[in-house]
Amino acid sequence: MPEPATGATPTTPRSHMWPLYAAGFTTAFGAHGIAANLGSFTAGRHESLLVLGGLLALYDGAEVLLKPVFGTLSDRVGARPVLLGGLALFAASSASFVLIHDIGLLWLARIGQGAGASAFSPAASALVVRLNPQSKHGRAFGSYGFYKSIGYTTGPLLGGTITALGSLPWLFGVMAVLATAVAVWALMAVPAVAPLPRSRQTVLDLARRLADGAFLRPTTALAFATAALSAGVGFLPVLGHAAGLGTVATGAAVSVLALCAAVVQPKAGRALDEGRIATAPSLAVGLLITSAGLTLAALPGAVGLLPAAVAIGAGTGLITPIGFAALAASTPADRLGQTMGAAELGRELGDAGGPLVVAGTAVVTTLSGGFVALAALTALAAPAVARRRAGTTAEAPTSDQTSPGLRQ
């Protein structure tokens, strides 16, 4: 059993956590708020759809490549410097496009935003673990996920409002101010968590740890949850439009999905900490609920649209805090950043893979068939996630043992 990856004291002030929640909101708001409004800037330009697709891919591409790198770096130099550096890079990249409204600089700004988010996102997750005793990891990740979901929910709406009142550079300006404010807040409120002494690790050791079920099972659940969220946000409005619903109704369905995910996460995390639910069965149940939601989306007409949004949101909301708490419980304290970065990579692959499965299947069948295909894959993952080796437990230990290295 690895050393528990826990926080510094059982009584870590809640004020230390708020900047981390704000960082989670920032990355989610920046991803969806800007992505939903890039089309207003690229419209009318030569090969505008190709340009838009490239700009959307840059942010996610940077995260796929860099999150494991920055996660490992946070283990070496400490998560707090990586958090602050990532926020500073995100702010500077956003501000650059405000100063020069050029399509070429927009590409660089999106790369910089993606690189910044790749740094402060896994660093924030590692700090959530280090600043909380193990018996509170579930609710800590539940709260972190709640504010991240609020960013996903409000990003397109607030981003669209800001863009409508001004322009896309205005939105980048708001992101620059937000990231700067969060960085200053974190600098003042988040304590310095010294990196722990690192045991020697070979490439083979890393491969074995990432291939172990203790990492693969929760990461698989998180990847499928993200795949369902991405597919739901992208294609539920298409189903609604085909059923004759207006943009307000289809937008409301997506908002319900995100809201359910936000509401369920803190409750699921608290239930895990209090021992009312177990890790492996809960991840499996979350996948089955998500699969049911995807299946409901395939019903003809608009009858399944709202129930699908509720079930997908509830299932993914159950999986997210429990998956991250399970990763924290099974990770050596000196490898937290590396594990969180690798897990985030799994989520990014799910984020891209979910829509590809739905769209690829829809090409040869229908969009409903695409949802059924993703639902089937998600349901098939549930038994694998629930399986555990003999002699192991599915639950994270509830000890309040803490790790060294916090300098108040």
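**View 1. F235, a buried residue in helix α9**. In this predicted model, F235 has a relative accessibility of 18%, so F235 counts as buried. Which residues does F235 contact, leaving aside its neighbours within four places in sequence? They are P355, V358, A359, L367 and F371. For a sense of distance, look for T250 as well: T250 is 15 residues from F235 along the chain, and 9.9 Å separates their C-alpha atoms.

**View 2. The largest nonpolar core and L20**. This core has 69 residues, and the members that touch the most others are L20, L83 and L127. Helix α5 (residues 103-130) supplies its largest share, 11 residues. Zoom in on L20 and, not counting residues up to four places away in sequence, you will find it touching L83, A124, L127, V128, L131, Y144 and V190. Another core, of 19 residues, lies apart from this one; A228, L257, L294 and A308 are among its members.

**View 3. The salt bridge between K67 and E344**. Side chains of opposite charge can pair when their charged atoms come close. Here the closest N and O atoms of K67 and E344 are 3.1 Å apart. K67 belongs to helix α3 (residues 48-77) and E344 to helix α13 (residues 336-364), so the pair ties together parts that are 277 residues apart in sequence. Are these two residues buried or exposed? K67 counts as buried, at 2% relative accessibility, and E344 is also buried, at 2%. Both take part in a network of salt bridges that links K67, K148, E344, R347 and E348.

**View 4. R139 paired with D273**. In this salt bridge, the closest N and O atoms are 3.0 Å apart. The pair links distant parts of the chain, with R139 in helix α6 (residues 137-165) and D273 in helix α10 (residues 247-273), 134 residues apart. R139 is partly exposed, with a relative accessible area of 29%, whereas D273 is buried at 12%.

**View 5. R276 paired with E274**. This salt bridge brings the closest N and O atoms to 2.8 Å apart. R276 is exposed, with a relative accessible area of 55%, while E274 is partly exposed at 45%. In total, the model has 6 salt bridges.

View 6. V184 sits in helix α7 (residues 168-189) and counts as partly exposed, at 42% relative accessibility.

Technical notes. Residues numbered from 1 in each chain as written. Predicted model: local features only at pLDDT ≥ 70, side-chain atom pairs only at ≥ 80, totals over all residues. Heavy atoms only, no water. Core = buried A, V, L, I, M, F, W, Y, C linked by side-chain atoms within 4.5 Å. Buried < 20%, exposed > 50% of the residue type's maximum accessible area, 1.4 Å probe, protein only. Helix = DSSP H or I, 4+ residues; strand = E, 2+ residues; numbered from the N terminus. Contact = heavy atoms within 4.5 Å. Salt bridge = Lys/Arg side-chain N within 4 Å of Asp/Glu carboxyl O.
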